[in-house]
Amino acid sequence: MKDFLRIDGLTVEYRSGNRRVHAVNELDLQVGEGEVLGFVGETGAGKTTTALSILRILPDPPAKVLGGKVIFKDRDIFQLSEREMRAIRGEEIAMIFQDPMTSLDPVKTVGDQICEMILLHQHCSRKEAWQKAGDMLETVGIDRERASEYPHQFSGGMKQRVVIAIALSCKPALLIADEPTTALDVTIQAQILELMKELKKEYQSSMILITHDLGIVAEICDNVAIMYAGGVVEYGNVYDIYKDPRHPYTQALFDSIPDVHRIQDRLKVITGLPPDPTDIPSGCPFHPRCPHCTERCKTEKPEAVYLNETHWAKCFHAREGRNDNG
Amino acid sequence: MGEPLLEVRHLKKYFPTKKGLLYAVDDVSFSIEEGKTLGLVGESGCGKSTTGRVILRLHEATGGEVLYRGKNILELSSREMREMRKKMQIVFQDPYSSLNPRLSVKGLIEESLLQQSRGMSSAEREKKVLEIMDMVGLERRLAHSYPHELDGGRRQRIGIARALILEPEFVVLDEPVSALDVCVQAQILNLLMDLQKELKLTYLFISHNLSVVKHISDQIAVMYLGKLVEMADHETIFNAPQHPYTKALLSAIPIPDPTAQTDRIILEGDVTSPINPPPGCRFRSRCRWAMPECAQCAPELMQVGNSTVACHLCRGEQK
């Protein structure tokens, strides 16, 4: 079960001229069957690059996979032929992109766009495909009559539903959702989240949800991976991570969100800026900003410290209690 | 209770479109006390940014009054308004597109000085620019950098410096942190709150993010399709929301706690079009408690407990 999707030591960089941007650095990750994994981090942490590597749709050049493996259902993704890969994309692994406004084709009806996916992967007639497209629209809460309308006739939330319908039309085993609600208003976001929760129950597919909103993660994810400077710094189930975050970066991330249910005078902030991906600090990548930094952190790269069977943090001080004064 | 610095009365802004009039801001009234912050919240297209811009006369109002220290600024001549603008400034949402890419940081911050304080020597200007850079936390060494070399947080600091260099009393903050990462967002929010204390600024803080608004505001006004639906101090809004829309908006915020039980009110459909809206309450098509009465006449704002609400449901509870 654990080996549904496994990423081992994935390293990706972007090259432009002489500059090398280290987007993903030796990333290890597992997603179990039927599990929803939240992928959290700031802009530039390498979340999207990791997702694109799984589907092998990184723009190459400038991106280059330097090492590591992605094992999906006992197959090494990087060893597959392009033809085999095409069969996986969309059918077994589907992706929902951040911006529904740009990921739909403006000159095709939404019904045709869903049909396209079905016809590509399933042996059926156009008529059957159209029928299925209508069913998919109903699943995501859109009247099937609207299948012959164009994207511009839909609102932002509706477009995102269409994108979800396309992604789910072949019942993928793994769904990667890259910030699916960031471009939407809160009330529409609530609708989409509710829909995703229902679909999670109905389809029981695994999901990787990329987001920077810790609220959304709390709501639908089983496990959380916190990304920093191209690597996972802490991993665990939502209860462990939210109740007892152990990596100083995770702690800082929680402190910096304004909480609607608490009165706060001042938000705690992390000093400094996210690391320059062309020049990642030595040792622990978080050390220049970390309040608990010691000499060892500057030179030695911390390994995962297991706090229980599933919860780990890449920090030398992970076992120490939380120090709020730091 | 302090004197209101800014009072907006029955402000209206309609845009003519091919399909008819677009009611972007429709009869909005509120006031902000000196040194306080009013948070204006709503979904995209509800008219919150337009309200901010009409107050500064970046759009001309269709009707209503904007009283600044008791004087209606909508009647000022463009020359008088120019003087007025020293006191009223705006910080825009997107630090990526609101800065001229061909000006250096110093040039960008200096620009408003050149416009407004003619006769200032270049040494004086430079001194002022460096002072304001210290104040907003921009390192002096960045004075000759260009916006593309800087990250979002620093760019937004430039936006704030540009607004503050003329020593305004009133600042419209139009989604100042929406384009920023959470950690940077926290830094900018802290900066804005420190500056307010230090310079006794009055803010109109426009945002779609309720948790951010709650953090920074004294009073909160909720807008829906060009109308104010509820206004109260920040505790009342969050602890005892009255209007069904406010309730839905609050319950829509995902809570960063996996054990939290959410009793979410899911609104059906989308925001309806602000072009030629039907009579009656504008929220009724998405409201689960809509009554026949709601379709007939639009509810007026009334006092319920500590809030001002526009909803027929609340009439029974009116004091």
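## Sheet, helix pair and chain contact in a predicted model

In chain B, 4 strands form an open sheet in the order 2-1-4-5, and their pairing is antiparallel. The model is a predicted one. At the edges of the sheet stand strand 2 (20-33) and strand 5 (71-72) of chain B, each of which pairs on one side only. Strand 1 (residues 4-17) of chain B runs antiparallel to strand 2 of chain B and is joined to it by 11 bridges. Opposite B:Leu22 in strand 2 of chain B stands B:Phe15.

Chain B also contains a pair of packed helices. Two such helices are described by the angle between their axes and the distance between the axes. For helix 3 (residues 105-116) and helix 4 (residues 122-135) of chain B, the axes come within 10 Å and cross at roughly 115°. The crossing of helix 3 of chain B past helix 4 of chain B is right-handed. The residues that meet are tabulated below.

| Helix of chain B | Residues in the contact |
|---|---|
| Helix 3 | B:Lys106, B:Ile109, B:Glu110, B:Leu113 |
| Helix 4 | B:Arg125, B:Lys128, B:Val129, B:Ile132, B:Met133 |

By class, this contact between helix 3 and helix 4 of chain B comprises 5 nonpolar and 4 charged residues, with no polar ones.

Between the chains, the contact draws 35 residues from chain A and 30 residues from chain B. On the side of chain A that touches chain B, the elements giving two or more residues are helix 7 (186-203), helix 8 (214-220) and helix 9 (238-243) of chain A. Helix 7 of chain A gives the most, with 8 residues. The residues on this side of chain A divide into 18 nonpolar, 10 polar and 7 charged.

Methods:
Residues numbered from 1 in each chain as written. Chains lettered and ligands numbered in written order. Predicted model: local features only at pLDDT ≥ 70, side-chain atom pairs only at ≥ 80, totals over all residues. Contact = placed C-beta atoms within 7 Å. Nonpolar A, V, L, I, M, F, W, Y, C, P; charged D, E, K, R; others polar. Pairing = 2+ DSSP bridges. Axes fitted to C-alpha atoms, helices over the stretch in contact; angles between N-to-C directions. Left-handed = near helix turned anticlockwise from the far one by under 90°.
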